[in-house]
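Here is a friendly walk through one protein model, written for someone who would like to open it alongside the text. Please keep the viewer at hand as you read.

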Amino acid sequence: RGVAMSAPERTPPSTSDEPSPGDRAFTDALPPLFWDGEGDEWLEETSPEFAALRAIVEDANRDATPVEIAQKCKEKGNASVKYGVANKLYARYAVEHYTAGLAAASGDATLDGTLYCNRAHAGLLLKNYRKAYSDAIKATELVSGNVKAWFRAAKAALALERAEECARCCVGGLEIEGDNRDLKVMLREAKRLVEKREQQATLDAAEKVRVRAYVEAMKSKGIRLGPASLGSGERLPAIDSTTGVATYWTLFVYPESMQTDVVEAASETSTLGEHLDVLFDPAGPPLEWDERGAYARDSVEVYWQTNAAVPYTWQQVETKLLDAAGVTRREVDDDTRKEIEAMAKGRVDSRDQFMRSLDEKTKLGDLFKDKECVLAGHPVFYVIAKGTEFRQRFLDGEWEI
């Protein structure tokens, strides 16, 4: 990208000590670029853009020495940056002036250090923390006793969540000015963040081991998990750490009346019949919604829907579990997350779905191994009364839940 030869008209703040427009030839020579983190190649001293800027500055100030040019640029930058908090446009103008000062190549380490330090301040105002940090570090390299530069480097590093580097810069500044309160406060914050990160790393490691062990245990049981198809959400099985037995949050649906029952922890070793014994216990209270008395222990049958959802891959299950456990977000899993989001909107071909009658003597763990069984969020069983008109409509698919 080339460097423009003119700048837009700049309206100064309406105040008595507003910065003077100065030499119009010099002002017009500054590139009309904004510095907020994008397209800042012209700030790099090794870039062709910076070389072009240097030529512009020299041409606009032929009668001044490099030190005089740099000093003049610093003053113009300082005049602009003091308005940068209220108006970010002036922070950008300040960056342009400080950059032009560096392009003058004064050869004065103290002056150049100040230009870098002040440009870091403008960078902080613009929230371009990467460049602000780079400039502040250059300032400390030129003038190691510049406490402001150490402070600005630390502040930018903290904003970038580089806590260790923030702490290093705080220490660098405190070695010069040991009673600097701002540096002490920031050092405590950096240490707190380091401790928090270490704690998070410990949590991440433990959760990864736990989740991977869980996934391997579920894989060994031969089940398939998928997105929830009803409004009851996803409720993954729990596995007993001692016995290895899985228990399932299980929903029994009575589609004729739109009623449901929930078994909070149905063991994989239990049978459907055992759960029906409890749900339809003759000694229990009557079902308020069953006015005809059609639903009794010996007059019901149980179904499930085959291929109730598109099954997750085990990688997707692992990603969901790690995210739910609060493990530090991993960019490598971003594609997997997109796949999971897409699956929530997808549908199984209805030709692959039908209601299958189940043998109530079969254990749940064996039912879930069926190649056409996908647990859509959790197990769902449909309970139908035998010999009713609704039963036939249910089997014909002429109903909606």
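## An aromatic cluster

Tyr248, Phe252, Phe368 and Phe381 form one aromatic cluster. Rings of Phe, Tyr and Trp (its six-membered ring) are counted as a pair if their centres lie within 6.5 Å; planes under 30 degrees apart are called stacked, those over 60 edge-to-face, and the rest tilted.

Before going further, a word on the ground rules. This is a predicted model, in which local features need pLDDT of at least 70 and side-chain atom pairs count only at pLDDT 80 or more, while totals for chains, interfaces and linings use all residues. Residues are numbered from 1 along each chain as its sequence is written, and side-chain values use heavy atoms, with hydrogens and water left out.

The predictor's confidence in each residue is its pLDDT, on a scale from 0 to 100. The protein chain has a mean pLDDT of 85, with 82% of its residues reaching 70 or more. Helix H1 (residues 24–29) has the lowest confidence, at a mean of 43, and helix H7 (residues 147–159) the highest, at 97. Helices (H or I, at least four residues) and strands (E, at least two) are DSSP runs, numbered from the N terminus.

Over residues 1–37 the pLDDT stays under 50, and the model has 87 contacts for them beyond four places in sequence. A contact here means heavy atoms within 4.5 Å. Where pLDDT is low, the predicted coordinates should not be read in detail.

Which residues have the most contacts inside the largest nonpolar core? They are Leu272, Leu367, Phe368 and Phe381, in a core of 36 residues. Apart from it lies another core, of 21 residues, including Tyr133, Ala136, Val147 and Ala153. A nonpolar core is a set of buried Ala, Val, Leu, Ile, Met, Phe, Trp, Tyr and Cys residues joined through side-chain atoms within 4.5 Å. Buried means under 20% relative accessible area, exposed means over 50%, and partly exposed is in between (1.4 Å probe, protein chains only).

Leaving aside residues up to four places away in sequence, Leu272 touches Phe252, Val302, Leu358, Asp359, Glu360, Thr362, Leu364, Leu367 and Phe381.

Strand S8 (residues 380–385) has 6 of its 6 residues buried, so it is largely enclosed by the rest of the structure. Val380, Tyr382 and Ile384 point one way from S8, while Phe381, Val383 and Ala385 point the other way. In a regular strand the side chains alternate between the two faces of the sheet.

Two strands pair if DSSP finds at least two bridges between them. S3 and S8 pair in the parallel sense over 3 bridges, with Leu251 opposite Val380 in S8. Strand S5 (residues 300–305) is antiparallel to S8 and joined to it by 4 bridges; here Glu301 has Ile384 as its bridge partner in S8.

## Aromatic pairs

The whole structure holds 12 aromatic pairs. Tyr254 counts as buried at 1% relative accessibility, and Tyr295 counts as buried at 6%.

Phe390 and Phe394 form a tilted pair, 6.3 Å centre to centre with 35° between the planes. They are 4 residues apart in helix H14 (residues 389–395), and therefore separated by about one helical turn. Phe390 and Phe394 are both buried.

Asn180 sits in the loop between helix H8 (163–174) and helix H9 (181–220), and counts as buried because its relative accessibility is 14%. Its side chain makes a polar contact of 2.9 Å with the side chain of Glu177. The side chain of Asn180 also reaches the backbone nitrogen of Leu183 at 2.9 Å. A polar contact is a pair of N or O atoms within 3.5 Å; within protein, one must be able to donate a hydrogen and the other to accept it, and residues adjacent in sequence count only if both atoms are side-chain atoms.

Most residues other than glycine have a negative phi. Ala105, however, has a positive phi of about 55°, in the loop between helix H4 (88–103) and helix H5 (109–125). Met258 has a positive phi of about 60° and lies in the loop between strand S3 (246–254) and strand S4 (259–267).
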